[in-house]
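Please keep the sequence and the model open while you read.

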Amino acid sequence: MSDTTAAIDVRRLGKRFGAVTAVDDVSFSVEPGEIFGFMGHNGAGKTTTLRMLLGLTKPTSGAATVLGRDIVRDTLDVRRQAGYLPANYALPPDMTAREFLRYVGAMFALPPRLVDARADELIARFGLGAAADRKLRGFSTGMTQKVGLAQALINEPSVLLLDEPTSGLDPLGRHELLEHLRALARDRGVTVVFSSHILSDVETLCRRVAVMHHARLIACGELAALRREYAVASMDELYLALVRRHAA
Amino acid sequence: MMRLLWLDYRAAMRERKTWLAGAMLVYAVLSIPVVLAQPPPHVREAIAAWFHDADPFVVFMFVWIDLAMNKAIAFLPVVLASTVLLRERDTGVLAILAAKPLSLARYFVVRTGSACAVMATLHVGSQLLGALWFPGQVENFRPGVFLAAMSLHLFAAVCATACAATLAVATGRRGASALLSLMIFGILVGMALVGFYQPAWQTATLANPFTLGALSLGHLGALGPGVLLPPMLALTALTVITIAAGARLAGRMEA
Amino acid sequence: MSIPTLSALAAAEWRHAPRRALLLGAVAGPIMIALTHLVLPLFPARVIDFMRRGFILDDLAGVLVLNDLMAVYFLAFFIGLAGSLGVVLMAREEHRLEILLAKPIRPGDFVAARCVPALAGAGIVGVATAVACGLAVAVHPDIGDSVSSAGTLGAGLFLTALALVLVAGMQLLFVRLRDPFLGLLLACFAWLATCIPAAVLLYRPDVFQGRPRLADALVMSSLLWHDATTSWLGPLALVLALPLAWLLVRAAGALLARADAL
């Protein structure tokens, strides 16, 4: 049965690429305004799940809704309400940060003045002012990630799907990014799905987590409750305990 | 979508390759009168026989279309459009853009529309420059007829750009799409004026968009809507069908 | 661990290079030659005469072979170019260049090895199409005797050599560019520029009046004016083009080594 109050509701979702099962019978839900941790090793199926939520790849089984909208039937509606930062991406090298934000804003058919105002606000919020009119070609990893996050926020999304957003960032950049995400959830009620294999980031940011392993969901719930259940103190120990139990 | 199209067009117009393409067209405008300063008698006679008109302006129009503009619309659309969506996909930009509330099919239409607009800007710009430069250089030059004839050619340029974009999403590989477009356009340009040389084949050659774009060559003495509108409509229909086919193929692409 | 030899790298590149363009060219070349020989003789005599007089050719054979040679030159150049764009330019744009250059390979060897499939593709397609041209003249004796099979083959090999040198020379530009399609545009311009003298001969023959050596040096149809010479000059040009192309590729590698990879 679907959870109508959840921001994201995933029911027995599955995806096969030929003989390879990328996501197998995954179910979880995310509450509105929550920062939800989505953990797992590389290739566990996190990215494919996020891509299915945005309609970028079609599920082969199961169903899911984002803000009550079906991810297959109402794909464009879902995208209108969502922001997405993929794990692997590049920014158009010949555009400036400001031009790129305006370009992305135009994809939402928002009024140009509103897009300009939001772009200015995001540039200021992420400290990109000095570089806003420079070509994106020479941007550092941290700056690129800031522009990446800014483009995901240009439509003031209700749901933010972030795929490995902290990988490649230095400690300061990571700290800043996590602060931004906290502020978004706290001040604006944005629901954040934070996919990562960096366990300390998930531990810092999330109250509830889902853990994927070899395409299957092996745990989902409150972090504190999971720690109690497995009698472990740290996130690393919890993850190892979950994986070992699954392997056994 | 119009706003996005406008932003895309502006970004494309600022690219170095667009400026270089513009410079090449300026070179064509400046060099063709020099090439045509003293055409030998056998050239004048042959062109007069094909187009039933011995006016030096007809010789000029033949060379301008055959030597300059047909070559331009065989090469420039490939440079402008045979990378549509594939470049974004291969460089990783599409990973971001595909997650926006604009389907890949519609995004293809925007990108192709923008490439067509850039091609049209380059084409119109070079004809306007020509209309200013040629009167002092070409004997009996008629700016009105020149612009009317080249307005039809513009439709062929836009159609070629749409074809290059659709071939891009059909092949799925940048190098292959450019090579295939160049080969197809090379053959079509080579065959573009065959209908004038061999009137028995004229009907068959009308299937070639480059022939449609050059049809005004046979009616320079009486160029009017009756001559220009049917090929313009045919080229518009072909362009729309081509873009629709490309959009359908783009919709099947995985970001 | 030792550094791989250039020949080993080149062999690996050749094994992994896509063969589609090569196959396309090898099939398209003979088809284009066959179509030219089937269709062009059906044109009215005035058209053939226009080309014959314009390019100073003696008979229909000359007109047909000149069109055939355009197919050789077009295919050899653009098939070589399609591979050549991937050597550095596309790898750079797709963020692969840094990964590849981080391996224990000298940038010069990297460029040279990756150019091998592109140049080999251009060479194979050019030679195959040139052979098809020669065969077409041999099996079509009624078109005239101003050009021989050997001369046609030689002219085709000469243009293949020119295409090889041009493709290799473009790499000097490509290692400094970032946009592959700017590279493509420059390459198109270079190819068209080599065809301009033929257009000048057609519409402004006075430019070459009293300068036969200039016409011989620049105009493509001059290959058909000296049939006996072309039959040995073509193969010789191809033999000379190989080290020259290699030199240009090595120079491009040296440029890459001196520049920032990205």
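Predicted model: local features only at pLDDT ≥ 70, side-chain atom pairs only at ≥ 80, totals over all residues.

Residues are numbered from 1 along each chain as its sequence is written, while chains are lettered from A and ligands numbered from 1 in the order in which they are written.

**Chain A**

Chain A holds 9 helices and 10 strands. Helices (H or I, at least four residues) and strands (E, at least two) are DSSP runs, numbered from the N terminus. The radius of gyration of chain A is 18 Å, close to the 18 Å that the globule rule gives for 248 residues, so chain A is as compact as a globular protein of that length. That radius is taken over C-alpha atoms, and the globule rule is 2.2 Å times the number of residues to the power 0.38.

**Chain C**

Chain C has 12 helices and 0 strands. Its pattern along the sequence is α-α-α-α-α-α-α-α-α-α-α-α. A compact globule of 262 residues would have a radius of gyration near 18 Å; the 20 Å of chain C agrees.

**Spans, burial and contacts**

A residue is buried if 20 or more other C-beta atoms lie within 10 Å of its own, with C-beta atoms placed from the backbone. Two residues are in contact if their C-beta atoms, placed likewise, lie within 7 Å. The contact row gives the share of contacts with a separation of 6 or more that join residues 24 or more positions apart.

| Property | Chain A | Chain C |
|---|---|---|
| C-alpha span along principal axes | about 55 × 40 × 35 Å | about 65 × 35 × 30 Å |
| Buried residues | 48% of 248 residues | 50% of 262 residues |

**A helix pair in chain A**

How do the axes of helix 3 and helix 4 of chain A cross, and within what distance do they come? Helix 3 (residues 97-106) and helix 4 (residues 112-125) of chain A have axes that come within 9 Å and cross at roughly 135°. Axes are lines fitted to C-alpha atoms, for helices over the stretch in contact, and angles run from 0 to 180 degrees between N-to-C directions.

Helix 3 of chain A contributes A97(A), R98(A), L101(A), R102(A), G105(A) and A106(A) to the contact. Helix 4 of chain A contributes V115(A), D116(A), R118(A), A119(A), L122(A) and I123(A).

How values were computed:
Buried ≥ 20, exposed ≤ 12 C-beta atoms within 10 Å, placed from the backbone.
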